[in-house]
Amino acid sequence: MGRPAKQLRPGDSPTAYFGYELRRHREHEKLTQDQLAAELRWTRPIVSMFELAERVPRRHHAEALDAYFHTDRFGHLYELIKKEAVPSFFRGYVEKERTADQARTHAPLLIPGLLQTEGYATAVLRAGRSPDELEHSVAARLERQRILFREDPAPARLWALIDEAALRRQVGGPDVMAAQLEHLLEISDRYNITLQVVPESAQTYAGLEGAFTILSFHDGADIAYVDAVRGGYLIDQQARVREITLTWDLVRTSALPGEDSLNKVKEYL
């Protein structure tokens, strides 16, 4: 005899609630896990891990389930899962970022989150997180990147200034870093993404004190976000936002032109 089904408590977490609802809908339709997997062109272990809350669903999983079961429940649960994965200090920024028309970011140590591959993000976020927490955090970071590819409204414009040190640092090892650099070259072809590298020859320059991002909106004042160790903070006081914008402009004067920046990325492949 097989093992009895694990009893999920939907109140434990949004991921557990997602698994509970998936099992409930599947059993209501009198489908086995194998049958549902075949209908969705998934594998049975994927269905099982979702139902046991052992895997974090992505947006396309929720959309596929809503389409199959003719509901919007899984999409709503996915939104809860996304919020759970974002640290409390960062949630306000993520909500603002989702509606931004433009992001200007400076990254002196790491590749900016909006440009990270899954492998790179996993390596960056791994320290101090359980496997489940890590999967949630990586999924949330990749979800943020949707603003660069959305169709309605138009995709946000991203202008990223990256220190050469971030290209040289072997985050995740040679293979992960090579894939990350290839991704930078590929994504820089998009009309809405501008990437510039601040070379080591710039030595000291404005912005070395830390990473920051400025968000602009079609309707509303700019805001800024400044990174800190295990934290960060939003800034909406316009005098302070102007100071940070000036710093970003000064960093840009130290950066290489577009084509030279891409050649700098290629040097590390």
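Predicted model: local features only at pLDDT ≥ 70, side-chain atom pairs only at ≥ 80, totals over all residues.
Asp 249 forms a salt bridge with Arg 252, and their closest N and O atoms are 3.8 Å apart. An α-helix has 3.6 residues a turn, so residues three or four places apart point the same way. Asp 249 is partly exposed, with a relative accessible area of 27%, and Arg 252 is partly exposed too, at 32%.

Arg 240 and Glu 243 form a salt bridge, with 3.0 Å between the closest N and O atoms. Arg 240 is partly exposed, with a relative accessible area of 36%, and Glu 243 is partly exposed at 44%.

In helix α12 (residues 258-267), Glu 267 and Lys 264 are three residues apart, again about one turn of the helix. Their side chains meet in a salt bridge at 3.5 Å, N to O. Elsewhere, salt bridges that share partners join Arg 59, Glu 79, Glu 143 and Arg 146 into one network.

| Salt bridge | N to O distance |
|---|---|
| Arg 240 and Glu 243 | 3.0 Å |
| Asp 249 and Arg 252 | 3.8 Å |
| Glu 267 and Lys 264 | 3.5 Å |

**Helix α2 and its surroundings**

Which residues of helix α2 are buried? In this helix, residues 33-40, they are Gln 33, Leu 36, Ala 37 and Leu 40. Looking down the axis of α2, the buried residues fall within an arc of 100 degrees, so they line one face of the helix. The cover over these buried residues includes α1 (14-28), α3 (44-51) and α4 (59-69). Just after α2 comes Arg 41, which takes a positive phi of about 60 degrees.

**The cavity**

How many cavities of 30 Å³ or more does the structure hold? There is one, and the largest cavity has a volume of about 50 Å³. Its lining has 10 residues, and the closest to the centre are Tyr 78, Ile 81, Lys 82, Ala 139 and Ala 140. The elements that give two or more residues to this lining are α5 (73-85) and α8 (131-144). Sorted by class, the lining of the largest cavity has seven nonpolar, one polar and two charged residues.

**The chain as a whole**

Stepping back, the protein chain has 12 helices and six strands. Its C-alpha atoms fill a box of roughly 70 × 40 × 35 Å, taken along the principal axes. Of the 269 residues in the protein chain, 48% are buried. Among contacts between residues at least 6 apart in sequence, 70% join residues at least 24 apart.

Terms used. Residues numbered from 1 in each chain as written. Heavy atoms only, no water. Buried < 20%, exposed > 50% of the residue type's maximum accessible area, 1.4 Å probe, protein only. Helix = DSSP H or I, 4+ residues; strand = E, 2+ residues; numbered from the N terminus. Arc of directions from axis to C-beta. Contact = heavy atoms within 4.5 Å. Salt bridge = Lys/Arg side-chain N within 4 Å of Asp/Glu carboxyl O. 1 Å grid on protein atoms, 1.4 Å probe; cavity = no way out; pocket = protein on both sides within 12 Å on 5 of 7 lines; lining within 4 Å. Points joined across faces, edges and corners; volume = space filled by probe spheres on them. Nonpolar A, V, L, I, M, F, W, Y, C, P; charged D, E, K, R; others polar.
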